[in-house]
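Please open the structure in your viewer and keep the selection tool at hand, as each stop on this tour names what to pick.

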Amino acid sequence: MRTETQTSMHLLMVSTISILAILLSAITVFRSWELWMIPLMLIGCLVVWWLHIGRIGTETQYENICTGLLITELFFFGVHKSSLYDIPLLACTALLLLSLLNRKQLLYLAAFLYVLLILYHFIALGTINSRMEEEDMLRLLLGAAAVTGSLAVTRYRFNRRNEERAKYEGMQEELATAVRQNAEFLSNVSHELRTPVNMVIGISEVALGKELPPEIREDIHSVKMAGKRLSGLINNILDYTENVEGTLSAVQEPYMITSVVNDVITMTALKNTDNKLELVFDVDPQIPIILIGDAEKITHILRILLENSLKFTEEGGVCLRIGFRRESYGINLLVDIFDTGIGMTSSQLGQITDDFYQADSGTQRYVGGLGLGIPIARGLLHAMGGFVHFESKAQQGLQVHIAIPQGVGEDTPSIVVPNAGKMCIACYFRPDKYSCDEVREYYDNMILHLVEGLGVEGYQAHNFEGLLKLQREHKLTHIFITQMEYMGNAPYYEELAQSVHVAVIADKDFALDEDSSLMVLRKPFFALSIVNLLSGQERDNKFEDAQAAGRRPFTCPGVRALAVDDEEMNLVVAKGVLGSYGMQVDICSNGKAAVKLCTQTAYDIIFLDHMMPGFDGVETLRLIREIDDGVYKRLPIVALTANTLSGAREMFRNEGFSEFVPKPIERVVLERVLRRVLPENRIQYGTDSDTPGQQQDTGTKDQTKKKEISSDTSAKEEMPQADDRTQETVSSYGSLVRVGINVGLGLDYCSGEEDFYREMLQMFYDQEAEKRAEIISLYERADWKDYAIKVHALKSTSLTIGAEELSGQAKELERAGKEEDTVYIHENHASMLEIYGQVCEAIGKYLS
């Protein structure tokens, strides 16, 4: 099928050929030539038009048929005696027409046919002879000169066009190379900046843990915040370089859109810390509960676009609307983002997707940033087959419209309410408290979509009298009011709550009295929060939040797991983390031992290192699958790997793994994988206080949480970063921070347990002499395959303790080992060992 070659050039060609066919048909009738040629020429023209309009066949096939028809017309016209002196006219027309095509041989074909026709007239027809008059001879010579000149001109045009094309392609290649080099440079610079930036953040945290004068404390806190901002910019650059290098690829896996929205709400709430903006999340409850697509990329896109709206909106609010439209392949996920910010002009809209473009660029910047957010979001969308469209007017806010093709795994609605027909709800808020009409519209639309999507009877009241009227006319089961309405008449609502369920939609710092009968919905919230309340578990608020978010705390009692890794540190971490979920965990250090254990013990799940000496992960996987004629054929086998490139999940699945978990192990990723691969009856859900690795809240905090239904039903799902820990905790690691160890990252990988982290540091320190000797031995023997395996192991273990620079160096040497890039290895091997020594020396000082 020709989809991109239907051009004006082809239209000109088929039109010219058709006109010539009509003229030849008229001449044939007028001069009584072979009349049977007329239908053949007309049929040929119809065929060419059919191919052109129907876009049938390839470009070469289409051009060959057009050329054949043109040559046939020229030949038919030229073989008659009466056409001798008119042949040059048709030949020149054919040459000019064929010069449009990028095929020089066709020009020579037309010129050769002209020569054959002249010879035919001279030899066979005798129209060219010595008895010709001078005037006829002159006409013949002029015709030959015209054809020769046409051939020369068309060849010149053809050659010049090819030269221009080659020059243009060369410029395109140079530009593409420059872009790739620019992206590679940015990536390298970003990786190099990470270590000093993390050191700035870490040392700032250490300093803040000491007794300091207030003004110095404030200055150091500003340094810390600037470091975190720079860290975020570095992450954006790395995302941008991955986009430019074309390494983005979308996965296709089941997920819940409500889980994505929950993560986005968590992020947005953190950005809107002073509650100056109204944040409205309007999600269609009828969206299918299980979609198939790339949830991580969708979350990233929404985060980028919402952050953009928050940056450029000083007052009013931001609304995220998520709906869907059914298609033959599943659905189109439709996302609309509205804000009441400064908006953009038409010229700014035309440049919004340009790399590094800032709408407020100039001597006075409105907000910070590199201008990479929108290009990154666009690249992620393109990787998923989606698109984005922007609408705006200056000072009238920005509208973003997104469509993303998604498959459907389960078609039941994502948010439902049991016994919806028996419920009658009322929402009361005064619109005059919102300064922007758009914000009132955001809330009105959200309530309308919620009521329609859930199928419940619902009403709105915009004043107190309207609420009283709704109470008289309808048997209300639930009433939702805002914080302002409650504070204006608290005794009335406390009394009302004795007979009707009343919930207050409030800011995060709002608190009810301990003896209050009302409940609190924290802003920002969305349909899931309201559904949790309507589901009939209001009094103690222990609602089934997994209906949509699917992220409740859980354990896996009775599950027998096997962890296989050639690094002892990784095995200790795996056993500790998996054991915290109630699993019985066996460990072994190589593939051969893993196969033997599988023949002796019935495991429910296996975690298998992808890169090991001897039997690697893939070979071990194959041998396990073949045990006892396939008894482990359907057993969940999860790859443990430090290689987390885009598209890694598809790569591991193609090799036969059920899933993969990056090393060091992160709980949020591990929990997602466990829910996906383990049978439902092997997972036991509990309350938030039962979350693995977390402590239970006590005292007044429990009482406060008992009264709340928060839309943030789970921890934010993102890469671990250094947290603001207690002053005592941070200051005790000062010696590690000073050599660039990201203590916060290491603690996160160790579930926040300091004793566990200290154990990992001790193990890393104790293994240094042995690991160093192994790496040096392999380097001296030039055994690059095993060298890559050893530095691969160092990459993951060093990242476990937060030694990011060492991990990065090991990662590059691993790549060089796989590619046998001996030049890079010789240049960087000593540097990596030096950093390794510095890290271990600092650990030794800390431990002593």
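Which residue lies over the face of Tyr 824? Select Arg 815, which lies over the face of Tyr 824 at 5.2 Å from the ring centre; a charge counts as over a ring if NZ of Lys or CZ of Arg is within 6 Å of the ring centre and within 35 degrees of the ring normal. Arg 139 likewise lies over the face of Tyr 85, at 4.3 Å from the ring centre.

This is a predicted model, in which local features need pLDDT of at least 70 and side-chain atom pairs count only at pLDDT 80 or more, while totals for chains, interfaces and linings use all residues. Residues are numbered from 1 along each chain as its sequence is written, and side-chain values use heavy atoms, leaving out hydrogens and water.

Next, turn to the aromatic rings. The structure holds 11 aromatic pairs, where rings of Phe, Tyr and Trp (its six-membered ring) pair if their centres lie within 6.5 Å, with planes under 30 degrees apart counted as stacked, over 60 as edge-to-face and the rest as tilted. Select Trp 33 and Phe 76, an edge-to-face pair at 5.9 Å centre to centre with 85° between the planes. Both Trp 33 and Phe 76 are buried, meaning under 20% relative accessible area, whereas exposed means over 50% and partly exposed in between (1.4 Å probe, protein chains only).

Then select Phe 464 and Tyr 492, which form an edge-to-face pair at 5.3 Å centre to centre, with 75° between the planes. Phe 464 is partly exposed at 23% relative accessible area, and Tyr 492 is partly exposed at 22%.
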